[in-house]
Amino acid sequence: MAAPGENMKIDGARLWDSLMDMAKIGPGVAGGNNRQTLTDEDGEGRALFQRWCEDAGCTMGLDQMGNMFARREGTDPDALPVYIGSHLDTQPTGGKYDGVLGVLSGLEVIRTLNDLNIKTKHPIVATNFTNEEGTRYAPAMLSSGVFAGIHTQDWAYAREDAEGKLFGDELKRIGWCGEEEVGARKMHAFFELHIEQGPILEAEKKDIGVVTHGQGLSWTQVTITGKDSHTGSTPMPMRKNAGLGMAKVLKLVDEIAWSHAPHAVGAAGHIDVYPNSRNVIPGKVVFTIDFRSPELDVIEDMEQRLATGAKVICDEMGLEIELEKVGGFDPVAFDENCVSAVRDAANRLGYSHMDLISGAGHDACWINRVAPTAMIMCPCVDGLSHNEAEEISPEWAEAGTNVLFHAVLETAEVVG
């Protein structure tokens with residue numbers, strides 16, 4: 001079919017106004033948002049999104065994980081829909097764009113189709129996936145994972161937050177538990193627009209990131225046990241310092257990641273030290289190593305070198321060590337046709353662009369298991385995300401959504 005004309009554009013001002021209106025719900029303390037999943041604020045954001053979608057003539061579907069699906073009909077009742085989406089939930093100190101841009105850009109695509117009176121063969125569905133962030137309920141991308149068959153619904157419902165509240169109970173409490181079977185929907189394709197959450201696009205002065213792959217991820221929880229004792233009165237040769245053991249393991253992690261530069265990364269984000277007292281040598285530490293790479297064999301190599309090297313370090317220091325893999329997923333290669341649709345749209349619209357590998361996990365990484373999928377990224381200031389200071393420009397949001405609009409139109413097939 002012929003590609004849509006490059007003169008067709010979304011309404012950037014309307015998109016930006018929608019982003020700012022959504023940001024009023026669950027405001028943070030420093031200009032961002034705290035709209036954690038299954039809170040009252042999450043419910044309020046959902047209600048606003050539903051109202052906007054219904055005003056745009058969509059019908060709203062809701063499944064048993066609370067995933068929302070706003071459908072604009074196509075001309076062929078048998079054609080599978082093209083889905084667009086991301087998530088409305090945020091980190092406790094999150095920004096106004098992470099996830100939200102991907103949901104509201106889907107709504108803007110539908111609004112623009114209405115404005116231009118454009119009909120598509122395939123229906124178009126703007127989507128909000130529940131609990132992408134995984135902050136209140138681990139793991140991240142929980143509901144898209146159930147949709148893709150990665151997790152069972154019963155397991156997801158049994159996830160607990162820090163207060164012991166169950167995911168399933170809270171979903172029902174806020175009134176957003178639907179009756180539709182999770183994963184029953186079939187997709188013609190799925191597109192997700194997201195801020196980069198990294199500094200590359202801004203540094204390279206590119207408007208658009210064409211995401212070809214998603215990094216694989218491996219989380220290993222490490223527990224090192226020594227002996228807590230007085231920092232002042234314990235002679236150096238008689239110490240079993242679990243904190244020092246952790247420091248040496250973290251240096252090893254950094255060396256392993258550097259050995260697979262430039263695309264592999266590794267660090268520890270979550271660290272607990274016991275007893276965590278000023279004058280006590282740590283007797284126990286628990287920390288989680290996060291390794292990422294777009295190549296599965298590299299992840300496996302990093303895991304193996306960590307296991308071997310960390311044991312050598314601890315044996316030499318008289319420390320005990322336990323390693324447990326607590327999460328992860330394999331690298332993702334996005335659909336070539338969908339990726340081409342994104343790249344072609346950027347070319348057609350005259351936007352500068354480059355191929356990217358996503359360093360973060362996204363709902364698209366799971367949906368890619370069950371449908372042809374691609375991602376689009378726009379720059380964010382200093383690559384900052386998961387922070388209330390997260391910022392993008394209206395021009396970046398508009399450019400990303402214009403590329404999304406054209407890629408979706410080409411995939412959904414304009415009629416007439």
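Glu180 forms a salt bridge with Arg185, with 2.5 Å between the closest N and O atoms. A salt bridge here is a side-chain nitrogen of Lys or Arg within 4 Å of a carboxyl oxygen of Asp or Glu. The model is predicted: local features need pLDDT of at least 70, side-chain atom pairs count only at pLDDT 80 or more, and totals for chains, interfaces and linings use all residues. Residues are numbered from 1 along each chain as its sequence is written, and side-chain values use heavy atoms, leaving out hydrogens and water.

Glu180 is partly exposed because its relative accessibility is 23%. Arg185, at 18%, counts as buried. The cut-offs are under 20% relative accessible area for buried, over 50% for exposed, and partly exposed in between (1.4 Å probe, protein chains only).

By the salt-bridge rule the count is 18. One of these pairs is Arg136 with Asp161, at 3.0 Å from N to O. This pair links distant parts of the chain, 25 residues apart. Arg136 lies in the loop between strand 5 (124–128) and helix 4 (142–147). Asp161 lies in the loop between helix 5 (153–157) and helix 6 (167–173). Helices (H or I, at least four residues) and strands (E, at least two) are DSSP runs, numbered from the N terminus. Both Arg136 and Asp161 are buried.

Glu163 and Lys165 also pair, at 3.3 Å from N to O. Glu163 is exposed, with a relative accessible area of 63%. Lys165 is partly exposed, at 37%.
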